[in-house]
Amino acid sequence: MKSVLIGSVAILLVLCTMATGTVKAGDQPQEHLFGVGESYRGGKHAVGIGRTAARPSPLLAVAEPLEVGSNPRVPLPLQPFTLELLDLKRGQWHFLHDTGSLLELAGPIVAYAFPRAAGKPLRLAYLCSDHEFPGDLDHAVLKVTQPAEDTEGLLWFRIEEPYFACDIMAQFIDDNVVRCELHNIQPGPAIWGDKYVEGLYILVGDDPYLLWLTGDSKPGGLQIRLLTDRVGHVFTEDEPVQVILAALRPPKDGSRTFTLRATDYATDHVVWRGRLRLRCRTNEVARQKFAIPLKRFGVFEISARSGAAAARLRVCRIPVPNNIDPEASAIGINVFQQHTWWYTYQVPLLAKAGVRWIRPWLCWENTWHRQESEPGKWNTHNLDAALRRMEKYSQRYEYLLFRAPEWIAGSTGAGVPPVTKMDQWAEYVARLVSRYRGRIRHYEVWNEPDLMWPEDTRGSGEHYLEMLKATWEAAKRADPDCVIDGLSHSGRESWLHNVGKLGAARYLDVVTIHSYAKPGDFAALVERRRSILNRYNLGHKPLWINEFGTSAYDFSPEYNAKYNCSEQRQATTLVSCYAQALSYGPDPKAFWFCSLDPRDPAHQSQWTGDAGIGILYLGLLPKMSYAALAGVAKQLDGRTCLGRAEPHADLHQVSFEGPLAVVWHDRPTRAGPVPATRLGCLPAESITVHDMFTNELASGPAGEIMLNFSQGALYLEGSQQMAGVARAEQATHVQPEHIPLDAGGIGHIDLTAPPGAQIVLGPQPKLPISAQIREQNGETHISLMARDKAPRVAAYLRVRAVLEPGILGLREPAEVDRWVSVSIGEPNLIRDGAFFAGNLFEWLPDWKSDYSWDPDRGHETPGSLRLDAPFDRRLVQQGIQLNPNQPLKLRAWVKSERLTGCLATFNLALFDREGWLQTWALATSGREGDDLGDTVLVPDAAKMPTGTADWTLLAVTLAPKFIAAQTTRAKFHVDVKGGGTGTLWIDDLDLWQPESEQ
């Protein structure tokens, strides 16, 4: 099983324990396993990391008494102070908690105010806005504090709120200029207060003057900022892109000329240049708004320069989202939060991108422990505020039922209530569903219960089924129209089998699963779990992909290099995986994980594979993936998916009505320009090609268009042939996917194919079988008979559906292939050991060197595993079931080219119920006596060639005496490490257990 476990556990534990005050500064998250792949591009922006030197404060962290005024009348800053502060010093914050909910920066951060009169006493004021009503002065309060220390005109103030604290030094440096320094700054978690800091002011007398933050702490010199009045600096196509240049503290009064430039971040092309002349004065803020005539969508960098003074700003331009009924929308996202409640700014920002469904994550307004931390003391203020905010922006809420309070669950992991408390759980669910009837329809029962569950009751699934049943019955009584979403499966297949056998299908309406697979493996891994769901009457239910994602953090090239990621690769993953997730009808929905980076990729101590998984940086600055999400919503939301196809190795397409297809290449940097006809377009078909952000790239006959995948996934519109092929692929199914036969035995295949398709069985000389095809009631049935005394064999039978023009809208003939694994005698314990499937999703990758499915080379038929130097790779196939009383045989074919300076091994790791027992090396390219660590070379191990023109057979037997009696399972892994040079191909891996040595 190649499933990826996101950092849900580490994030959850931090959030939950922080709520109870048990997380200490410096706690580090565990590393989490992620698939690795080729990086499309590096980041452009290195940032300074670490604390800056702070000026010692004379304060003892005690704020002066506050004057609090309601309905204040003060000027609002262009950007909310909390967000601007986070964005301004990105990369320099010290994370006191791993999830970034509590930050620290020693400082200083410099700010200026420009009062019109001097000589009056100075006070400090800060505007605290309501999270539900950001920027609304009618719901805000202004808090005013006196200096806590006054030393010869140098004033010290202290802000001490649960959600924000800092020391501020202020002094007049000119008659109309107050210079301030912010020190010892600590933005706190949003959950610690009902408000947040919206603006910071100096009061001279009773007159408020806004403090302008600067990016430079050095004294003197012109300070310039580029700003907009929009959170995230996001503009839709019907809005002019207007940027404000603010200049303050020039050495002297006078006009300055600024050169301006806009660069497309995806292509690095300059798309606009301009000049601006601004009159600057030493005792005021000089500012001027200018418009940038952007016609493209995406992320852009705006720069301004005058002499040594320079500023830079990232803006985002996206299409206007479709006007679609939220219930019919398929676009969702998991929301994360740090210093403002997620509904404050993320709701409008996500709505602007076309996101209509929100899934909260994980310990906030949706959890029982926060709503009723003590029996009878209810507080649903934040849930009510979130729902009102979402209703305003036409969004829907998938309620994630999670974490019972300690007085119910005790100290169990993730707050799981014990079976003895399910009656109380049901009462809570009934109360909740009754209260929000008509406002919330979907309730998901827990998050990843195959992972986030007490160890002693997790594996069997019985405890979870009790919760699922209790939730179903209570919720349906309270609101018969509510919808129960269940399973939230992270990837443990044994758990999925267990809950299926127990009858989970009776207690849920929608199946939810998570997958963090690479785009090329995404559909295959989902289909693998769908085949399990089909066995237990769950396959016909709507399937939602509730978590998928990958990381990017271009502000730290080192992080991107470590995890083979970039903003461009993240955006491509987002587009291609949304497209695939929306292919699972009826009523599909997909939820990216997540909105914000949960940890801090700027600091190596915080590095994990999921640290940069958000589509927004700290301060809500969009990544390219945010713009790509807006493109997905614009292009795909509301369209019916026709199906998926793989027209060529590493090339994929998902077609939607229109016809419109999402197309991508798994290895774009190697591909070079690809003819559009390779995707399946007919040369004469008129097509239009758009990039990930919906910008038009080309239009005309498909035979004249080359596709460049180097900058990500593409939208291809207009090909009826591609749509027909996708429909055919969607309509063709075989069951079962594996048939075990004895010599002389009979097996059966049920085939669903488009009406009118001709069914052909491909020749398979390795399979000693005969076959009969018959049609009955519009269905196709294939009977297979193994020959008497047939030898043991494990191979694949090719089943082909041949379609003529006119079927499913096809303009020319097409073929759809399906492969059925057939074994006579003992089955192959290696899944897809012949590498027929066209992907490597059965293999879980470790380490980082290159590997791929090679469509051109193979032992008997094309298709093999290819590994390329420099070597640092392990590929693991898990879940192998062994009988310790029988011998184990391995046969494999290997081809190599200039293989030097590395060590290649085939290994078998044995496990009992408690854990690892022993690892045997069954084949090696090295010599006896090589250091294999904890791995032991078996006697008569197969010798792997290092330079062969032809395929070489490797064969080895592991006697029962080498398999510990307590062995319950095994893992097979291919290891190639040590760097070196060359290429290694592997094909027809066959691992089986004969009944005897003969």
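**A helix, some loops and a strand**

Guide: Take helix α5 (residues 381-392): its twelve residues, at 1.5 Å a residue, should span 16 Å, and its end C-alpha atoms are 17 Å apart, which agrees. The expected span is 1.5 Å times one less than the number of residues. Helices (H or I, at least four residues) and strands (E, at least two) are DSSP runs, numbered from the N terminus.

Visitor: What kind of model is it, and how are residues numbered?

Guide: This is a predicted model, where local features need pLDDT of at least 70 and side-chain atom pairs count only at pLDDT 80 or more, while totals for chains, interfaces and linings use all residues. Residues are numbered from 1 along each chain as its sequence is written, and side-chain values use heavy atoms, with hydrogens and water left out.

Visitor: Back to α5. Which of its residues are buried?

Guide: Asn382, Leu383, Asp384, Ala385, Ala386, Leu387, Arg389 and Met390. Buried means under 20% relative accessible area, exposed over 50%, and partly exposed in between (1.4 Å probe, protein chains only).

Visitor: What covers them?

Guide: The cover includes α3 (342-352), β23 (357-360), α4 (368-371), β24 (396-401) and α7 (422-435). Contact here means heavy atoms within 4.5 Å.

Visitor: And what follows the helix?

Guide: α5 is followed by Ser394, with a positive phi near 55 degrees.

Visitor: Where else is phi positive in a residue other than glycine?

Guide: Glu152 has phi near 55 degrees, and Thr694 has phi near 80 degrees. Glu152 is in the loop between β7 (149-151) and β8 (154-161), while Thr694 is in the loop between β34 (686-690) and β35 (696-701).

Visitor: Are those two buried or exposed?

Guide: Glu152 counts as exposed because its relative accessibility is 82%. Thr694, at 13%, counts as buried.

Visitor: New topic. Which peptide bonds are cis?

Guide: Among them are Gly107 to Pro108, with omega near 5 degrees, and Gly658 to Pro659, with omega near -5 degrees. Pro108 is found in the loop between β3 (103-104) and β4 (109-113). Pro659 sits in the loop between β31 (651-656) and β32 (660-665).

Visitor: Last one: what does Gln918 touch?

Guide: Leaving out residues up to four places away in sequence, Gln918 touches Leu908, Ala909, Leu910, Asp934 and Val936. Gln918 lies in strand β52 (residues 915-924) and, at 23% relative accessibility, counts as partly exposed. Val936 is 18 residues away along the chain, with 8.2 Å between the two C-alpha atoms.
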